[in-house]
Amino acid sequence: MNMPSPTAAHERLVAALNPSLRALALRGTFRNYRKNSVIINEGEVGESLFVLLQGRVKVYSTDADGREITYNVVEQGDYFAEMWLDGGPRSASVMTLEPSVCAVVGRTALRDHLAAEPEFALELVSQVIRRARAATETARNMALLDVYGRVVITLEGQKGPAAPGAPVTLTQITHQNIANRVGASREMVSRLLKDLEKGGYIELGVKRLTLLKKLPARW
């Protein structure tokens, strides 16, 4: 099947991928998305995998009252929406957090890639298992930890806990982002973060949070 030729800008983005993912992306159709674009709606039927060439996206669900829980944030150089492989509906929605570029790979193109790159099949299965494991961990934390415990897991789970003299800075993070990840209100999360800042554990900035030392197990 003849695919549209990528532009020079797309070629530069594809060149940054690992070889197997690069070959997969070149089998897809390139699409640009604005910030806050909904790429996938939970419950819809889809047969495409998305390789994220540029930008960031969040994987999330909302309830009838508009409350949101964020499962994951996917960074450029990774792929998402592989859960359609079992033939079921999309298990979550996906929205861009910033202007993004994706290579959208359909079922036939993915099948051709797996035939040409059989080792990618193992990587794909491993990715599904990792994300299923992460979903199980999220469900466990929601059931067994209080809000503060879930905040600690969310903050230290990104880059690890801070060590003395070795602060850890998290960027592109807001109180609402954290609230969506832990299933709590923004107001509650803001109070906890302010208390941690007063205690000398963190430093808050604009879309930035610095872990100054390991967070206490309880607060």
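A crossing of two helices is called left-handed if the near helix is turned anticlockwise from the far one by less than a right angle, and right-handed if clockwise. This is a predicted model, where local features need pLDDT of at least 70 and side-chain atom pairs count only at pLDDT 80 or more, while totals for chains, interfaces and linings use all residues. Residues are numbered from 1 along each chain as its sequence is written, and side-chain values use heavy atoms, leaving out hydrogens and water.

Let's start with the helix pair. Helices here are DSSP runs (H or I, at least four residues), numbered from the N terminus. α5 passes α6 in a right-handed crossing. The pair looks like this:

| Helix | Residues | Residues in the contact |
|---|---|---|
| α5 | 147-159 | Arg 150, Val 151, Thr 154, Leu 155 |
| α6 | 175-182 | Ile 178, Arg 181, Val 182 |

Contact means heavy atoms within 4.5 Å. By class, the α5–α6 contact holds 4 nonpolar, 1 polar and 2 charged residues (Ala, Val, Leu, Ile, Met, Phe, Trp, Tyr, Cys and Pro are nonpolar, Asp, Glu, Lys and Arg charged, the others, Gly among them, polar).

Now the domains, with bounds from an automatic or database domain assignment. The protein chain splits into domain 1 (8-143) and domain 2 (146-211), and their centres, taken over C-alpha atoms, are 26 Å apart. At the interface, 11 residues of domain 1 touch 8 residues of domain 2. The two bury about 750 Å² between them, 44% of it on carbon and sulfur atoms (accessible area, 1.4 Å probe, lost on being put together, summed over both).

How values were computed: Axes fitted to C-alpha atoms, helices over the stretch in contact; angles between N-to-C directions. Helix = DSSP H or I, 4+ residues; strand = E, 2+ residues; numbered from the N terminus.
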